[in-house]
Amino acid sequence: MVATKKIIANDLFFASVEQLIAEGQRVEMTVKGFSMRPFLRNEKDVVVLAPIAPARLRVGMVILFRYRGGHVLHRIRKIEGGRLTFEGDGNYRIQELAQAADVVAYVAEVKLAEGGAFGYDSLRWRRRSARSLCRKRVRTLAIDIKRKLLK
């Protein structure tokens, strides 16, 4: 059987995703956007979203959460009680704040466009995350220095 792609409105898509996750199912979704690069690549990588209990949330997880009337897929940077701080690996000093109740799912697995996959608990995940976050720190430092020099 050949899979076909269908384009639907974001609100309908994410309503379906939330329903499937609430039923305990996993959902595959092609990554859209550049805010998680280089960890996740726009229109190339596919993420497998899975349900998660709030007590299992950890710093470093990539989470789908509700934010300002939409849905965002970013990494948890800080957990303080039920309050979560998120950042995209490719963003410069932009953070989102949300509550644990806003979490829809976590990225359990990444399927790469060139083949292969890796799961959240894998060594490959940890290595790829470390590289992505290191690049973010270097990029942020370079932007900060450039801005100070231009003042």
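Visitor: Where does R68 lie?

Guide: This model is predicted. In it, R68 sits in the loop between β3 and β4.

Visitor: Why is R68 called exposed?

Guide: The relative accessible area of R68 is 75%. The cut-off for exposed is over 50%, so R68 counts as exposed.

Visitor: What is said about phi of R68?

Guide: Phi of R68 is near 50°, a positive value in a residue other than glycine. Phi of R93 is likewise near 50°, and R93 is not glycine. R93 is placed in the loop between β5 and β6.

Visitor: What makes R93 count as exposed?

Guide: R93 has 55% relative accessibility. Exposed begins over 50%, and therefore R93 counts as exposed.

Visitor: Why does V27 count as buried?

Guide: The relative accessibility of V27 is 8%. Buried means under 20%, so V27 counts as buried. V27 belongs to strand β1.

Visitor: Which residues does V27 touch, not counting residues up to four places away in sequence?

Guide: V27 touches V17, L20, I21, V47, V48 and L49. As for L49, its contacts beyond four places in sequence include V17, I21, V27, L64, L73 and Y106.

Visitor: Which residues touch the most other members of the largest nonpolar core?

Guide: They are L40, V47, L49, L57, I63, L73 and V110, in a core of 38 residues. Elements that give two or more residues to this core include α1, β1, β2 and β7. The largest share, seven residues, comes from β7.

Visitor: How many aromatic pairs are there?

Guide: The count comes to eight aromatic pairs.

Visitor: Why is the pair of F39 and F118 called edge-to-face?

Guide: The ring centres of F39 and F118 are 6.1 Å apart, and the planes stand at 75°. Rings pair if their centres lie within 6.5 Å, and planes over 60 degrees apart count as edge-to-face. The F39 and F118 pair is therefore edge-to-face.

Visitor: Where in the chain are F39 and F118?

Guide: F39 is in the loop between β1 and β2, while F118 is in strand β8, so the pair links distant parts of the chain, 79 residues apart. Both F39 and F118 are buried.

Visitor: What makes the pair of F65 and Y67 edge-to-face?

Guide: The centres of the F65 and Y67 rings are 6.1 Å apart, with the planes at 65°. The planes must be over 60 degrees apart, so this pair is edge-to-face.

Visitor: Why does F65 count as buried?

Guide: F65 has 0% relative accessibility. The limit for buried is under 20%, so F65 counts as buried.

Visitor: Which residues form one aromatic cluster?

Guide: F39, Y106, F118, Y120 and W125 form one aromatic cluster.

Visitor: What kind of peptide bond joins R37 and P38?

Guide: The bond between R37 and P38 is cis, with omega about 0°. P38 is in the loop between β1 and β2.

Visitor: How much space lies in the largest pocket?

Guide: The largest pocket holds about 820 Å³ of space. Of its 23 lining residues, F13, M29, T30, V31 and K32 are the closest to the centre. The lining divides into 12 nonpolar, six polar and five charged residues. At least two lining residues come from each of α1, β1 and β4.

Terms used: Residues numbered from 1 in each chain as written. Predicted model: local features only at pLDDT ≥ 70, side-chain atom pairs only at ≥ 80, totals over all residues. Heavy atoms only, no water. Core = buried A, V, L, I, M, F, W, Y, C linked by side-chain atoms within 4.5 Å. Buried < 20%, exposed > 50% of the residue type's maximum accessible area, 1.4 Å probe, protein only. Helix = DSSP H or I, 4+ residues; strand = E, 2+ residues; numbered from the N terminus. Contact = heavy atoms within 4.5 Å. 1 Å grid on protein atoms, 1.4 Å probe; cavity = no way out; pocket = protein on both sides within 12 Å on 5 of 7 lines; lining within 4 Å. Points joined across faces, edges and corners; volume = space filled by probe spheres on them. Nonpolar A, V, L, I, M, F, W, Y, C, P; charged D, E, K, R; others polar. Phe/Tyr/Trp six-rings, centres within 6.5 Å; stacked < 30°, edge-to-face > 60°.
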